[in-house]
Amino acid sequence: MKFWKKCVLALLLLTITFAIYLLLNIRSLSVEQLSEDVHIIRGIGGNTTVLNTDAGTVVIDSMTFKMQGSLIREKAEELTGKEVVLLVNTHYHLDHTHGNPGFRAGTQVVATERTLSHLKALDPEHWNGEAAKLLPNDTFTDRKQFNLGNKTVTLIHPGDGHTDGDLVVIFEEDKTLVTGDLFFNFHYPNIDLEAGGSVASWPQTLDNVLTLDFDAVIPGHGDTTNRQGLIDFQTMMRELGETAKNAIAAKPEISLKEFLEVQSVKFDADKGYLPIKFAGISLGLNREFVLTRAWQEQTGNFELLNSPITQTE
């Protein structure tokens, strides 16, 4: 066999092997039971939360692929014995929304108005045809509450952080907080400045979250934890923002290269943090990434891609 044919065959086999590996990872879901009525489904794309109520099943976030969404819906209904009556998207990123089309058309899908705006403006290619039927169809700005028989579910937009449209969910009777990507537990967070995210505002946003009544905390990525776990993450984000703010106040013209060389030594609140990986592949969410984002925000070196509509008289 000629050398080039061997190379093509090897590449083909490698592609098929990776496709099978990816498919197996996509289909792989694990379940953690937090309480009698609360479960966490884990897989590629982070954490999905399931709540059992007298009125039906509530699902928070749908992961990355339609196939995952279908599997999540089936698993959620198996866990509760009831159909999904409410699907919540904590923000617009594909690893929390692209599974939506795996749910039944007509499902009530809830998100903030900014999340719906971002989906339409920043991810329009995905949301056409049949997928458009599972876009958020029930939106709010600040707060929304659902009384579902024996359960009260409160949705709150606490401020800017990961994006400018994130929401958190409180299962009132279970004293459980679902944060979406406003909290990455011991993982470096994605900071979406282009969609209104903010390192500088993130700690205050978490202050607003910490006024709520909860014990258990389910992050967008990472292990389930408690109030102290969220406070520890807030401390890391506060130091990240202050590191950039202080460095630029001392030397306004500081370059990114110099900032990374000098400030990465001073920034030490991230001990134990790990990069997020997708099927074993790093997504670039690491120490250098979060420092870069902090520098970009403080120096204005980024472009807002979906500006809020300004109301005029």
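Predicted model: local features only at pLDDT ≥ 70, side-chain atom pairs only at ≥ 80, totals over all residues.
**Entry 1: around Leu29**

I looked up where Leu29 sits: it is in the loop between helix H1 (3-27) and S1. Next I listed what it touches, skipping neighbours within four places in sequence. The contacts of Leu29 are Ile41, Arg42, Gly43, Met63, Leu71 and Ile72. I also checked Leu29 against Asn47: they are 18 residues apart in sequence, and their C-alpha atoms are 9.9 Å apart in space.

**Entry 2: the whole chain**

I stepped back for some totals. The protein chain has 313 residues, and 52% of them are buried. I get 8 helices and 15 strands for its secondary structure. Then I asked about contacts with a separation of 6 or more: 66% of these join residues 24 or more positions apart.

**Entry 3: the sheet with S1 to S7**

How many strands are in the open sheet that starts with S1, and in what order? I find 7, in the order S1-S2-S3-S4-S5-S6-S7, with mixed pairing. From one strand to the next, the twist averages 20°.

Helix H2 (residues 66-80) packs on this sheet. I noted that H2 touches S1, S2, S3, strand S4 (56-60) and strand S5 (84-88), and that its direction makes about 155° with that of S2. Helix H4 (residues 113-122) lies across strand S6 (108-112) and S7, and runs at about 100° to S6.

**Entry 4: walking along the pairs**

I took S2 and S3 to begin with. Strand S2 (residues 38-43) and strand S3 (residues 46-53) run antiparallel and are joined by 6 bridges. Ile41, which I had already met as a contact of Leu29, stands opposite Thr48 in S3. His39 has Val50 in S3 as its bridge partner. The hairpin of S2 and S3 has 2 residues between the strands, and Gly45 there takes a positive phi near 110°.

On to S3 and S4. These two pair in the antiparallel sense over 5 bridges, and they too form a hairpin with 2 residues between them. I picked out Leu51, whose bridge partner in S4 is Val58. How many of the residues of S3 are buried? I count 8 of its 8, so S3 is mostly covered.

S5 and S6 run parallel, joined by 3 bridges, and Leu87 stands opposite Val109 in S6. S6 and S7 also run parallel, again with 3 bridges, and here Thr112 is opposite Phe140 in S7. I checked burial in S6 as well: 4 of its 5 residues are buried, so S6 is largely enclosed by the rest of the structure.

**Entry 5: the sheet with S8 to S13**

There is another open sheet to note, of 6 strands in the order S8-S9-S10-S11-S12-S13, also with mixed pairing. Which strands stand at its edges? They are strand S8 (143-148) and strand S13 (225-226); each has a single partner strand, so one side of each is left without a neighbour in the sheet.

S8 pairs with strand S9 (residues 151-156) in the antiparallel sense over 6 bridges. In that pair I found Phe146 opposite Val153 in S9.

H6 packs on it, touching S11, strand S12 (216-221) and S13, and its direction makes about 20° with that of S11. H5 lies across strand S10 (168-171) and strand S11 (176-184), running at about 175° to S11.

**Entry 6: H5 against H6**

How do the two helices meet? The axes of helix H5 (residues 202-210) and helix H6 (residues 227-250) come within 9 Å and cross at roughly 160°. That angle is why I call H5 roughly antiparallel to H6. The crossing of H5 past H6 is left-handed.

I wrote down who meets whom. H5 brings Trp202, Pro203, Leu206, Asp207, Val209 and Leu210. From H6 come Arg227, Leu230, Ile231, Phe233, Gln234, Met237 and Arg238. Sorted by kind, the residues of this contact are 9 nonpolar, 1 polar and 3 charged.

Terms used. Residues numbered from 1 in each chain as written. Heavy atoms only, no water. Axes fitted to C-alpha atoms, helices over the stretch in contact; angles between N-to-C directions. Parallel < 35°, antiparallel > 145°, perpendicular 65-115°, else oblique. Left-handed = near helix turned anticlockwise from the far one by under 90°. Contact = heavy atoms within 4.5 Å. Nonpolar A, V, L, I, M, F, W, Y, C, P; charged D, E, K, R; others polar. Pairing = 2+ DSSP bridges. Buried < 20%, exposed > 50% of the residue type's maximum accessible area, 1.4 Å probe, protein only.
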